[in-house]
Amino acid sequence: MELTHLDETGAARMVDVGEKAVTRRTACAQSVITMKPETLRMICEDRAPKGDVFACARIAGIMAAKKTSELIPMCHPIPIESVKIDIEAVSDTQIRIISTLRCSHKTGIEMEALTAASIAALTIYDMCKAVDRGMRIDQTLLLYKDGGRSGEYSRTNE
């Protein structure tokens, strides 16, 4: 396996995807944010001083997905066809964000999915930091991808 974003001299480069076939691509990523139980109750009871935390985080995740190529230097701008951000409390202290993105293009959509999940988690932090500065964002990872030359990947199959 070679690093595709380095040329033969080791210099950074953007990969040429011009000869690649357009395929349907899907990527799913997650982030988990851990907080005090009272912070999570405040969010779930819609008592956050800055408003609806989950709605704002969903919008932020969608916006971030669309800006990924502006944030990560070697990412190609791609035509995103759909973005879905699922946010749920998975315990009395944790929220799990799952982003699912799709496109039909010559390169993958994994970075957009990871960016969406990350920024949604950061938005939750931003909206609640006044009441809980000890929140922690963890487990940002790719859960699934399909399409392209490398085919399917699922974290559950590792």
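A nonpolar core is a set of buried Ala, Val, Leu, Ile, Met, Phe, Trp, Tyr and Cys residues joined through side-chain atoms within 4.5 Å. Buried means under 20% relative accessible area, exposed over 50%, and partly exposed in between (1.4 Å probe, protein chains only). This is a predicted model: local features need pLDDT of at least 70, side-chain atom pairs count only at pLDDT 80 or more, and totals for chains, interfaces and linings use all residues. Residues are numbered from 1 along each chain as its sequence is written, and side-chain values use heavy atoms, with hydrogens and water left out.

**View 1. The largest nonpolar core has 31 residues.** Met35, Ile43, Val53, Ile87, Ile95, Ile97 and Ile124 have the most contacts inside this core. Two or more residues come from each of β1 (23-34), α1 (37-44), α2, β2, β3 and α3 (110-128). Helices (H or I, at least four residues) and strands (E, at least two) are DSSP runs, numbered from the N terminus. Helix α3 gives the largest share, 9 residues. Ile43 is in contact (heavy atoms within 4.5 Å) with Met35, Val53, Phe54, Ile95, Ile124 and Cys128, leaving aside neighbours within four places in sequence.

**View 2. An open sheet of 5 strands runs in the order β2-β3-β1-β4-β5.** The pairing is antiparallel; two strands pair if DSSP finds at least two bridges between them. The edge strands, β2 (80-89) and β5 (153-154), each pair on one side only. Helix α2 (residues 53-71) packs on the sheet and touches β2 and β3 (94-105). Its direction makes about 150° with that of β2. Axes are lines fitted to C-alpha atoms, for helices over the stretch in contact, and angles run from 0 to 180 degrees between N-to-C directions.

**View 3. Strand partners can be followed residue by residue across the sheet.** Strands β1 and β3 are joined by 12 bridges, and Ile33 has Ile95 in β3 as its bridge partner. Between β2 and β3 there are 9 bridges. These two strands form a hairpin with 4 residues between them. Asp86 stands opposite Ile98 in β3. Strand β4 (residues 136-146) pairs with β5 over 2 bridges, and Lys145 faces Tyr153 in β5.

**View 4. Thr26 lies in strand β1.** Its relative accessible area is 14%, so Thr26 is buried. Leaving aside neighbours within four places in sequence, Thr26 is in contact with Thr100, Leu101, Arg102, Ile109, Tyr144, Lys145 and Asp146.

**View 5. Glu81 and Arg24 meet in a salt bridge (2.3 Å, N to O).** Glu81 lies in strand β2 and Arg24 in strand β1, so the pair ties together parts that are 57 residues apart in sequence. Both are partly exposed, Glu81 at 46% and Arg24 at 48%. A salt bridge is a side-chain nitrogen of Lys or Arg within 4 Å of a carboxyl oxygen of Asp or Glu. By this rule the count comes to 7.

**View 6. Asp138 forms a salt bridge with Arg136, the closest N and O atoms being 2.4 Å apart.** Asp138 is partly exposed at 24% relative accessibility, as is Arg136 at 45%. Elsewhere, salt bridges that share partners join Lys50, Asp126 and Lys129 into one network.

**View 7. The structure holds 0 disulfides (pairs of cysteine sulfur atoms within 2.5 Å).** For Cys56, the nearest cysteine sulfur is that of Cys128, 10 Å away. Cys56 is partly exposed, at 33%. The sulfur of Cys75 is 12 Å from the closest cysteine sulfur, in Cys103, too far for a bond. Cys75 is buried, at 12%.
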